[in-house]
Amino acid sequence: MKLLKSCRFAGIACAAALTALLASSCGEARFKIKGEIYGADNQPVVLEKSDFHGRWVAIDSTRTDAKGAFSISRPAPAAPEVFRLAMDGKYIYFPVDSIETVSLSTSLDKFGTDFSLAGSPSAEALERFEKEVRALPDNISPDSLAAFKKSVFTKYMQSAQGSIVAYYTLTKTIGDKPLFDPTTSDYKYFAAVATGFKEKRPNDPHTALLEQTSLRAIKQRNQEKGLHRQIEAEELSLIDITLPDETGKEVKLSDIVGKGKKTVLIFSVMNHPDSPAVNLALSNLYKAMGGNVSFYHVSLDDDQYAWRDAASNLPWTTVFDPEGAYSKNALSYNVGALPAYFVYSASGELIDRAFSVDDLRKKL
């Protein structure tokens, strides 16, 4: 079914033209989507944007010319967004990171299934991802699907901190099912992407959604595993941890907490690209405290040897959790994104939680 009747396209287009004229006189920042849809002669094209309830809403439209060319210009979004073009019930998705021009090339008969995007690295990455998804077999095995999701994480999420493409791939649905399901072991992907958004785009509305999804998933897993501890600052006593340090010696959190000075419990990974910068910031904070704070640093890395090399350079207690992303210690603290910081008082009570080094500095 067509999204809008043809008589409404003209109204939207006229309103858009007036808006564009007024905006240009005020110097408003804008983005543009343009291109050619071969075989589309004077056909309506609708630009849509998703709200935060998953509903797609028409925000502009135009018609192709006799050669299938079209162009739509809109105010640039305050934060990166994914938009989509709709034509007769078929869709092409594209990201907008800033003031930019995204170019589309496709045909009328293959609209939504065969197309190319250009104009930004994000647009090109999203095109590659969409083609990989369409190439998946209908009867893909669980093991193959798990391998595919791991590949998607490596290509489009792991190093794309705060990228709208990472958000899009994480929330992609195939048919009526999510590609990544936070109620399964996929929760770790949500936590990883949430961490990137928290670090790079703390005020982006996508950040709060990712964090909420991650925390809900962690709490659900806790309940399923019978872990009912709630991280409530004014009520908690010590939740102990016992793990080996870089020398192999077992070190308990309780060996450090409650010994007369504040203790910071840290959950992180050492092999993340951002980890050196985070550890440097932690080192500066540790030195600034002048011996008035202790750190107990839990690493959830996959590679124990790489962790040991990094940990040996840090002046505080570092321990290795071999369960990694499936750590029961992280679950018991309701860790939904990394790095995570928990503050114990000098007397040994869990009094606060921080989400960045700057936040931790304020709470110490």
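Modeller: A cavity here is a set of points, on a 1 Å grid over the protein atoms alone, where a 1.4 Å probe fits but cannot get out. This is a predicted model, with local features needing pLDDT of at least 70, side-chain atom pairs pLDDT 80 or more, and totals for chains, interfaces and linings using all residues. Numbering runs from 1 along each chain as its sequence is written, and side-chain values use heavy atoms, leaving out hydrogens and water.

Searching the whole structure turns up two cavities of 30 Å³ or more. Now for the elements around it, using DSSP runs numbered from the N terminus (helices: H or I, at least four residues; strands: E, at least two). Helix 5 (187–200), helix 6 (205–224), strand 16 (340–344) and strand 17 (350–354) each give two or more residues to that lining.

On to the charged pairs. A salt bridge (a side-chain nitrogen of Lys or Arg within 4 Å of a carboxyl oxygen of Asp or Glu) occurs 10 times in this structure. One of them pairs Asp-60 with Arg-74, whose closest N and O atoms are 3.6 Å apart. Asp-60 belongs to strand 3 (residues 56–63) and Arg-74 to strand 4 (residues 69–75), so this bridge ties together parts 14 residues apart in sequence. Both Asp-60 and Arg-74 are buried (under 20% relative accessible area with a 1.4 Å probe, protein chains only; exposed is over 50%, partly exposed in between).

Helix 2 (residues 121–134) has its own pair: Glu-127 and Lys-131 sit four residues apart there, about one turn of the helix. Their side chains meet in a salt bridge at 2.7 Å, N to O. Glu-127 is buried, at 11% relative accessible area, while Lys-131 is partly exposed at 34%.

Glu-132 bridges to Lys-155, with 3.3 Å between the closest N and O atoms. Since Glu-132 is in helix 2 and Lys-155 in helix 3 (residues 142–157), this pair links parts 23 residues apart in sequence. Glu-132 is partly exposed at 21%, and Lys-155 is partly exposed too, at 49%.

Terms used. 1 Å grid on protein atoms, 1.4 Å probe; cavity = no way out; pocket = protein on both sides within 12 Å on 5 of 7 lines; lining within 4 Å. Points joined across faces, edges and corners; volume = space filled by probe spheres on them.
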